[in-house]
Amino acid sequence: MTYYSKVIGTGGYLPEKVLTNAQLSETVDTSDEWIYERTGIKSRRIASAEETASSMAEIAARQAIEAAQIDPESIDLIIVATGTPDRVYPSTGCLLQRRLGIKHAVAFDIQAACSGSIFGLSIADQYIKSGAAKTVLVVGSEACSRIVDWTDRTTCILFGDGAGAILLTASEEQGILSTHIHSDGEYEELLYCPTSTEQQAGYISMRGNEVFKVAVNTLGRIVDETLEANELEQSHIDWLVPHQANSRIIAATAKKLKLSMDQVIMTLENQGNTSSASVLLAFNEGVRDGRIQRGQVVLLEAFGAGFTWGSALIKY
Ligand code: COA
């Protein structure tokens, strides 16, 4: 018997500290108008010195567990997507496992930059469909502020911190309908973050304009691929939950799906780009405020460094 991966709980966490465009314009040569017009961002959250990917992941994960009303011990697999791990090792997944006090799960990290949570959903879905795992926790958690060069106005305006979580369990009822993930390592130079062992310090480097163009085209293609694989029309999609990188990229994807912006879950304005956390944070917001209803069809998508990109079509 093949099972579906059913969503049974979601969670999210944002650090308390807010950094507005106006505050940023005091330290770099930019303005609220420029940032908002080009990106759709007005403010972002910044992790405190004590907060890490695993501490934020813990709060989001506990919320998802509470929403699902399950015994945490029933979780078989913990997948954490992060580009800003607490440590090189142990993995943030293992650190989260420890924080949650879950003894029997297997835990690991995946690194697919901003597409991390979609890659995580795809892996979780394969484990559940094959019967290798029954209940899987997927978390995207990022302290992007630690790898941002705060003197570089082309990147420091974009990123924020936070964590999103989702719990999936094997079910005969429909859940994840399909996932589609891709990568193309040819684009390394357009968006990368050196490790601290390289000569250059470990800050994000991006050719934003070029990234923008590839992102719009690629996300258009992933929409077609997802609809075709499920033999669906645009009109079958109730909600778009996009990676929150730039409102103009999101608007282009919504247009491709013939969706109005009212059918798009937007968190960008007050969160910025939280990399692998963004899709799960947005999904959590849509579920918790009651916009995303049981039985509706939701398209999640993301694009990130690598390049990596992907989608997950979920019947919630
Ligand atoms: N404030 C004011 N001016 C800025 C600025 C800032 N924060 N950042 C860049 N500029 C300037 C540039 O120096 C450039 O000036 P010039 O014309 O004198 O050389 C001008 O604005 C235009 O720069 P450009 O990079 O072409 O702007 P853009 O319209 O492409 O917007 C981004 C820049 C980064 C907002 C946009 O390219 C983007 O969002 N790209 C995608 C990024 C992304 O999604 N990354 C993550 C993928 S997961």
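This report describes how the protein surrounds its ligand in a predicted model.

## The pocket and its shell

The ligand takes up the space of the second largest pocket. Around the ligand stand 23 residues. T30, R38, R153, N209 and N246 are the closest of them.

Sorted by class, the shell holds 10 nonpolar residues, nine polar ones and four charged ones.

## Where the shell comes from

Domain 1 (4-171) gives the shell at least three residues, and so does domain 2 (176-315).

Four elements each provide at least two shell residues: the helices α2 (32-39), α6 (208-229) and α7 (247-256), and the strand β12 (297-304). Helix α6 makes the largest contribution, with four residues.

In R38, a side-chain N or O atom is 2.7 Å from a ligand oxygen. In N246, a side-chain N or O atom is likewise 2.7 Å from an oxygen atom of the ligand. R38 and N246 are also among the closest residues.

On its own, the ligand has 960 Å² of accessible area. The protein covers 73% of that area.

How values were computed:
Residues numbered from 1 in each chain as written. Predicted model: local features only at pLDDT ≥ 70, side-chain atom pairs only at ≥ 80, totals over all residues. Heavy atoms only, no water. Near = heavy atom within 4 Å. Polar contact = N/O pair within 3.5 Å; in protein donor to acceptor, adjacent residues only side chain to side chain. Areas by Shrake-Rupley, 256 points an atom, 1.4 Å probe, with all protein chains shown as cover. 1 Å grid on protein atoms, 1.4 Å probe; cavity = no way out; pocket = protein on both sides within 12 Å on 5 of 7 lines; lining within 4 Å. Sits in = over half its atoms within 2 Å of the grid points. Nonpolar A, V, L, I, M, F, W, Y, C, P; charged D, E, K, R; others polar. Domains from an automatic or database assignment.
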